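Okay, thanks for coming, everyone. Let me put the model up and then we'll walk through the bits I looked at.

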Amino acid sequence: MCTAAASSAISVAATNPLKTFSLSSRSPLPSAISLPSRSLNTPRRRLVLVSCTAGDGSKPTILVAEKLGEAGVKLLEGFANVDCSYNMTPEELNTKISLCDALIRLAMSAAAASSAISVAATNPLKTFSLSSRSPLPSAISLPSRSLNTPRRRLVLVSCTAGDGSKPTILVAEKLGEAGVKLLEGFANVDCSYNMTPEELNTKISLCDALIVRSGTKVGREVFESSRGRLKVVGRAGVGIDNVDLSAATEFGCLVVNAPTANTIAAAEHGIALLASMARNVAQSDASVKAGEWKRNKYVGVSLVGKTLAVMGFGKVGTEVARRAKGLGMRVIAHDPYAPADRAHAIGVELVSFDEALATADFISLHMPLTPATNKILNDETFAKMKKGVRIVNVARGGVIDEDALVRALDAGIVSQAALDVFTKEPPAKDSPLVQHENVTVTPHLGASTMEAQEGVAIEIAEAVVGALNGELAATAVNAPMVSAEVLTELKPYVILAEKLGRLAVQLVAGGSGVKNVKVSYTSARATDDLDTRLLRAMITKGIIEPISDVYVNLVNADFTAKQRGLRLSEERVLLDGSPENPLETITVQLGNVESKFASSLSESGEVKVEGRVKDGIPHLTKVGSFEVDVTLEGSIILCRQVDQPGMIGTVGSILGESNVNVNFMSVGRIAPRKQAIMAIGVDDQPSKETLKKIGEIPAIEEFVFLKL
Ligand SMILES: NC(=O)c1ccc[n+]([C@@H]2O[C@H](COP(=O)([O-])OP(=O)(O)OC[C@H]3O[C@@H](n4cnc5c(N)ncnc54)[C@H](O)[C@@H]3O)[C@@H](O)[C@H]2O)c1
Ligand SMILES: O=C(O)[C@H](O)COP(=O)(O)O
């Protein structure tokens, strides 16, 4: 056995003791789209697409072979060509299927009135044929449960209200219809556009989620005004610079965005601005409309053969580069984080910032607004550019020092600029930049195409509904992402981790003094194969929640631990053997504390509890140096006693007389007839009198009652 120390940042998740739990399996693939239809009265349906666009970039075609709800069809239409052909004969289906990338069928079970939607994988080569009769190997089908079976949910952020009422989602800016429909299937939706900050702050205390675009500032005061109710902020777009992420994290509010649906729209707008700037389209249009005909004044420049520097080679930047290559431009890019092979793959050379500035005839900005990129184009950097350079900005206004740009335009360093975004939006009417004759402007239209807005609306609605439903959001901005696969596998360990934290802190006299936590994981998995961030966050939750009124979750575990001065270190103990289970044991030790149950102290003086998962159920397996075995359910009474006959019977009958149901008993002893630890799992909380009677049994040396 060798010990490998591995520490990792606190990540993650939280169960909310007052609410129900859910861990739904989602497609492990990043390109998955899921459509939950949520009504408390209807079986849950989930649509999972396994793969997306066709290899050639065209939309895939989805054949819907049986009646599908309107919201589902809308969702599909935002992504694919959808052919709703109901009641086909098998022959018709077999003919059609060769033209389709995916097939949707609904398997109705009359008995349970439940349904499952299966969507087959799209195949980039479009070579396979799918039949509704033969289950597809790559199809994902999630049959709904019987409504009578309560489903355990692993709540990572929040979930529907404990009383079963629908959550409320405030949509503060225009959102595509399909997204609103999707939200309405699950929540009360309040679409209040153009609110003042005061109106937003007032409304927010009644809302569980907020959806915004770039026009709403979600500052600290929004989170403060929500008084803990706001659990998710959805940014219907990419840029989250209008959301105060640290405040969101501090308040345990998940922020999700819709990072992919408007990429093409933004790239197309960038190209539109590039071309129209080069050919003076906006200026000459205004001139003709003013009754002029100045053909010589508006002679432009050609794009072909010119060098375009793409600054920020992410999603939009890459698509701009592709398109510019198609226009015959030489494309270079600067992005400190982009892999060179991705650039090479499309014939783009990655260069340094200074080289990009010095070489480019055109510069197109596609980096996010961060402290590092704020005013990255300024007097100093304009001075490094080729004289007469032309600049396009569809990223964020703040990446350019706008006053410096006016100076560079006046000095002829920059001959033209085309801007979709501004430091302050809308910019002042008399802004010298906006009014500059060599500047073309649009009112932040990059994402504003019908297609992108429908896509964004669905993407964000999905993410918000998923998050409210306790699922891990694939587009979480302020929380670590743990894949659905990992989550499913770790689920019982996540519960074990929280319960061990809860148990440990209750063994401390004056639990709030806990500062040092050491967690050991024994596992046959290599360190890289075991993501413990989730477990770590749950232990944090387990330790903090019983002794405070703080709600700890996936988002704020790290922050909350730090704020309380809780230091949590992790140790991995690598076991020999088959790594079938992700973990064998989890041990939680609290250092420098006094225990109210001395037997829980390890030889080195820490409160120590150890647990493991057996048959999917978390068990407590060690307290201090005593071995026990009790399921971590309900509550536990721990007694240290003289090991002698009749103890189990004596304690059992006291509990029985008080009508307390015992679900498990286990005795761990050092040696026969010496001391033993008895762990008794009870369904109900014994009264004070009952506990007193147990304490009065002469052979009982100490005991403690612990709530899980
Ligand atoms: N005008 C619009 O309507 C519109 C629409 C979509 C996106 N946007 C904006 O465009 C920008 C890019 O969006 P995206 O979806 O491509 O984001 P992205 O995260 O995919 O790409 C951003 C890229 O910028 C790079 N980057 C970070 N710091 C950099 C630096 N100092 N220098 C150079 N590159 C740097 C990152 O490594 C990343 O590759 C964002 O600011 C986004 O808000 C605007
Ligand atoms: O960051 C983005 O996604 C774009 O700037 C789009 O913003 P919008 O949603 O306000 O159009």
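Let's start with ligand 2: its shell splits into three nonpolar, five polar and three charged residues. Here Ala, Val, Leu, Ile, Met, Phe, Trp, Tyr, Cys and Pro count as nonpolar, Asp, Glu, Lys and Arg as charged, and the others, Gly among them, as polar. The shell includes Arg 213, Ala 236, Asn 262 and His 444, where being near takes a heavy atom within 4 Å.

Quick housekeeping: this is a predicted model, with local features needing pLDDT of at least 70 and side-chain atom pairs pLDDT 80 or more, while totals for chains, interfaces and linings use all residues. Residues are numbered from 1 along each chain as written, chains are lettered from A and ligands numbered from 1 in written order, and side-chain values use heavy atoms, leaving out hydrogens and water.

Now polar contacts, meaning pairs of N or O atoms within 3.5 Å. A polar side-chain atom of His 444 sits 2.6 Å from an oxygen of ligand 2, and for a side-chain N or O of Arg 213 the distance to a ligand 2 oxygen is 2.7 Å. On its own, ligand 2 exposes 310 Å², and the protein buries 91% of that (Shrake-Rupley, 1.4 Å probe).

Over to ligand 1. Of the 25 residues around it, Lys 315, Val 316, Asp 335, Val 394 and Asp 420 come nearest. Asp 335 has a side-chain N or O atom 2.6 Å from a ligand 1 oxygen, and a polar side-chain atom of Asp 420 is 2.9 Å from a ligand 1 nitrogen. Ligand 1 alone exposes 850 Å², of which the protein buries 87%.

Terms used:
Polar contact = N/O pair within 3.5 Å; in protein donor to acceptor, adjacent residues only side chain to side chain.
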